[in-house]
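Look at the chain below before reading on.

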Amino acid sequence: MATGRISRFEFFSRIMRFLIWLVVLCWTVAMLRRVVVWMLRGFMTTLTGQPSGPAAPQQSTLTSRRLVRDPVCGVHVAEDRAFSLEVGAEIVHFCSVACRDQYASGNQKFAAHG
């Protein structure tokens with residue numbers, strides 16, 4: 001084959017070789033990135049004296065909320081976001097002002113007893 005043309009087999013062989021080297025290069029860059037991040041995390045820990053990153057214990061700003069059920073429509077709503085109405089010695093919570101007004105008017109059967 002002195003014609004200077006490459007066969008189909010050689011062409012596919014070169015493409016496959018290129019793709020394999022591309023995968024190896026991407027994998028190497030990803031691993032080097034992980035090593036550098038790991039080294040920097042260790043360096044920052046020794047610098048500040050406090051652990052950093054996902055392994056560090058973080059204080060949660062989330063607090064649990066108590067859910068209450070609207071006696072008119074039956075929707076559960078967080079107690080701190082509910083509209084309240086004091087009925088006698090009891091506080092009743094509602095999802096909206098409309099439900100509260102409907103309950104106060106007293107002309108509807110309510111779903112809360114279930």
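His 93 touches Val 68, Arg 69, Asp 70, Pro 71, Glu 79, Ala 82, Phe 83 and Ser 84, leaving aside residues up to four places away in sequence; a contact means heavy atoms within 4.5 Å. His 93 sits in strand β4, residues 90–94. With a relative accessible area of 13%, His 93 is buried. Buried means under 20% relative accessible area, exposed means over 50%, and partly exposed lies in between, with a 1.4 Å probe and protein chains only. This is a predicted model, in which local features need pLDDT of at least 70 and side-chain atom pairs count only at pLDDT 80 or more, while totals for chains, interfaces and linings use all residues. Residues are numbered from 1 along each chain as its sequence is written, and side-chain values use heavy atoms, with hydrogens and water left out.

Phe 94 is also found in strand β4. Phe 94 counts as buried because its relative accessibility is 0%. Its contacts, not counting residues up to four places away in sequence, include Val 72, Val 77, Leu 85, Cys 99 and Tyr 103. From Phe 94 to Val 72 the distance is 7.7 Å, C-alpha to C-alpha, although 22 residues separate them in sequence.

Which strand pairs with β4? β3 and β4 pair in the antiparallel sense over five bridges; two strands pair if DSSP finds at least two bridges between them. The bridge partner of Leu 85 is Val 92 in β4. The hairpin of β3 and β4 has two residues between the strands, and Gly 88 takes a positive phi near 65° there. In a regular strand, side chains alternate between the two faces of the sheet.

Now consider the chain as a whole. It contains two helices and four strands, which run α-β-β-β-β-α from the N terminus on. Helices (H or I, at least four residues) and strands (E, at least two) are DSSP runs, numbered from the N terminus. Of the 114 residues, 11% count as buried. Among contacts with a separation of 6 or more, 24% are between residues 24 or more positions apart.

How many salt bridges are there? The count comes to two, a salt bridge being a side-chain nitrogen of Lys or Arg within 4 Å of a carboxyl oxygen of Asp or Glu. In one of them the side chains of Arg 66 and Glu 79 meet, at 3.0 Å from N to O. Arg 66 lies in the loop between α1 and β1 (67–69) and Glu 79 in the loop between β2 (76–78) and β3 (83–87), so the pair ties together parts that are 13 residues apart in sequence. Arg 66 is exposed at 52% relative accessibility, whereas Glu 79 is partly exposed at 31%. Arg 100 forms a salt bridge with Asp 101, with the closest N and O atoms 3.9 Å apart. Arg 100 is partly exposed at 24%, and Asp 101 is partly exposed at 43%.

The last topic is the surface. The accessible surface of the chain comes to about 10100 Å², and 63% of this belongs to carbon and sulfur atoms; such areas come from the Shrake-Rupley method with a 1.4 Å probe, and for residues only the protein chains shown count as cover. A nonpolar patch with about 960 Å² of accessible area together includes Ile 6, Phe 11, Phe 12 and Leu 19. Patches are made of residues with over 30% relative accessible area and no salt bridge, where like charges are joined within 9 Å and nonpolar side chains (Val, Leu, Ile, Met, Phe, Trp, Tyr) within 5 Å. Phe 12 has its place in helix α1, residues 8–48, and counts as exposed because its relative accessibility is 52%.
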